[in-house]
Amino acid sequence: MPIQSTHELYDQYAPHMKRTRDAVAGNVKHYVPKLAGQTPAEYETYTNRSNYFNVVERTLSALTGALTRREHTITGIEPVFYNGVGEDEFILNCYIEIFTTGRTGLLVDFDDVNNTPYTTSYSGEAIINWSKDFIILAEPYFDADPRDKYKQIMLMRYRELFIDENGFYAVNIWEQKRNRYGNFAGKAEYEIVETIEPSIRGMRLTYIPFVVVNSNGVGIEYITRPPLDTMAGLNIDHFITSVDTGHAIHKLAVPTPWIAGDLQGDSQSVALTNQIIHLTQGSSCGWLEFSGAGVQKQIDWMNMKEAQMYSLGSRMLQYKKGVEASDSLQIRLGAEGASLVGVATALEEGLEQAFNICNMWSGVSVEVEVELNKDVSPSIIDPQQVASLLALYQQNIITLDTLLQRLYEGEIVDSVEEEKEMLAGTEPVDNPAEEIQEMEGEQ
């Protein structure tokens with residue numbers, strides 16, 4: 001089998017990844033079926049008769065915004081990411097990939113120049129094949145066209161992570177074969193251009209340092225449909241219907257004149273001007289206009305699709321109340337049954353595994369702990385609630401820690417610890433409640 005062979009599960013889920021990716025990017029025109037007999041130019045005009053109403057992108061922004069609205073904490077390591085990407089950007093990109101493709105991959109590698117391990121991420125589409133002994137990653141890159149040095153073309157290389165015959169981790173880099181003139185040799189065939197044998201302080205690894213984070217857990221075998229896949233399908237169907245509606249309105253919007261009978265004289269046609277039209281006796285004329293419910297049915301269909309998308313989006317941001325404690329409220333993600341809290345928990349575990357590998361490579365024995373934000377919905381409290389909390393504190397019913405924690409959850413204060421330090425200060429505070437009341441009034 002060639003190196004670009006794909007896993008059966010990848011083949012099953014790749015169309016869902018592509019559809020969701022296209023829906024987020026707005027690359028949806030090719031999903032509109034051609035009408036019978038349409039030329040390419042007519043098809044282009046046809047698909048341009050409507051704008052894509054991108055609900056999926058807005059929902060993705062809302063979901064990732066909810067997950068990153070509060071700061072995360074990483075202890076036990078100062079992680080380094082590929083190409084100097086920052087922590088916030090790296091975590092945000094991981095969330096985007098999980099919602100768009102259902103998974104993201106975290107590869108730990110070593111920078112020989114800076115003598116430090118680092119973590120890089122891969123999209124769900126890039127993880128094309130796997131088993132207990134190997135993982136194949138597709139890596140698109142740009143290179144000069146052999147026929148035109150000023151033109152850059154996109155090529156594909158494959159990174160093969162595998163356990164060799166001796167039980168050690170190694171990496172093969174595969175690139176497309178070229179002939180002696182630098183041109184590609186006919187059919188796309190690949191060859192190994194580099195083999196890497198990573199080690200930790202001279203000791204070879206016996207495992208593949210690659211962690212796959214899915215929407216429902218950690219592990220390469222847990223591949224799932226993207227959480228936004230259902231909404232992507234609805235959004236694309238909405239666009240197809242809107243194109244048909246725009247086409248129908250274009251065809252039917254301008255009334256067509258008609259004449260039943262003959263024109264006086266030798267005229268065979270008449271220009272539509274303000275001049276009088278002379279008809280023979282018994283002739284008549286009028287306008288042929290569309291009437292009926294056909295277009296309205298299409299509009300109703302689009303409205304229904306919009307309602308379904310909004311309903312699905314609201315479910316993604318809806319608390320399940322009653323049976324759940326406040327610190328374990330989950331946010332449902334459509335029919336897939338995943339949760340925002342579950343996605344955050346899975347990414348926490350994946351990052352911890354990757355960062356602990358980094359520490360091993362650095363010779364550090366500290367256990368890494370990652371805590372991502374799981375407070376995904378604002379819980380702003382009103383002034384009356386603040387007053388009630390202050391009264392409970394003044395009556396010694398709740399502690400200062402409880403008061404500050406509730407104010408933090410209600411987004412009145414930014415940090416429990418910082419507020420405690422400020423209240424402690426260098427001078428004693430006679431009544432912390434008054435200080436907090438003043439802070440609340442400044443919000």
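Which strand gives the largest share of the lining of the second largest pocket? The answer is in point 3, after some notes on the model.

1. Basis. This is a predicted model, in which local features need pLDDT of at least 70 and side-chain atom pairs count only at pLDDT 80 or more, while totals for chains, interfaces and linings use all residues. Numbering starts from 1 along each chain as its sequence is written, and side-chain values use heavy atoms, with hydrogens and water left out. Helices (H or I, at least four residues) and strands (E, at least two) are DSSP runs, numbered from the N terminus.

2. Helix contact. Helix α1 (residues 8–25) and helix α4 (residues 87–101) have axes that come within 8 Å and cross at roughly 120 degrees. Axes are lines fitted to C-alpha atoms, for helices over the stretch in contact, with angles running from 0 to 180 degrees between N-to-C directions. That makes α1 oblique to α4; angles under 35 degrees count as roughly parallel, over 145 as roughly antiparallel, 65 to 115 as roughly perpendicular and the rest as oblique. M17, T20, R21 and V24 of α1 meet E97, F99, T100 and T101 of α4, where contact means heavy atoms within 4.5 Å.

3. Second largest pocket. The space here is about 580 Å³. Of its 23 lining residues, Y82, T120, S121, Y122 and E139 are the closest to the centre. Strand β3 supplies the largest share of the lining, six residues. A pocket is an open set of points on a 1 Å grid over the protein atoms alone, with protein on both sides within 12 Å along at least five of seven lines; a cavity is a set where a 1.4 Å probe fits but cannot get out, and lining residues have an atom within 4 Å of a point. Grid points are joined across faces, edges and corners, and a volume is the space filled by probe spheres set on the points.

4. Largest cavity. The whole structure has one cavity of 30 Å³ or more, and the largest cavity holds about 40 Å³. Its lining consists of L107, V108, D109, R159, L161, Y169, V171 and I196. Strand β2 gives the most, with three residues.

5. Salt bridges. Twelve are found in the whole structure, each a side-chain nitrogen of Lys or Arg within 4 Å of a carboxyl oxygen of Asp or Glu. In one of them R159 pairs with E139, the closest N and O atoms being 2.6 Å apart. R159 lies in strand β6 and E139 in strand β5, so the pair ties together parts that are 20 residues apart in sequence.
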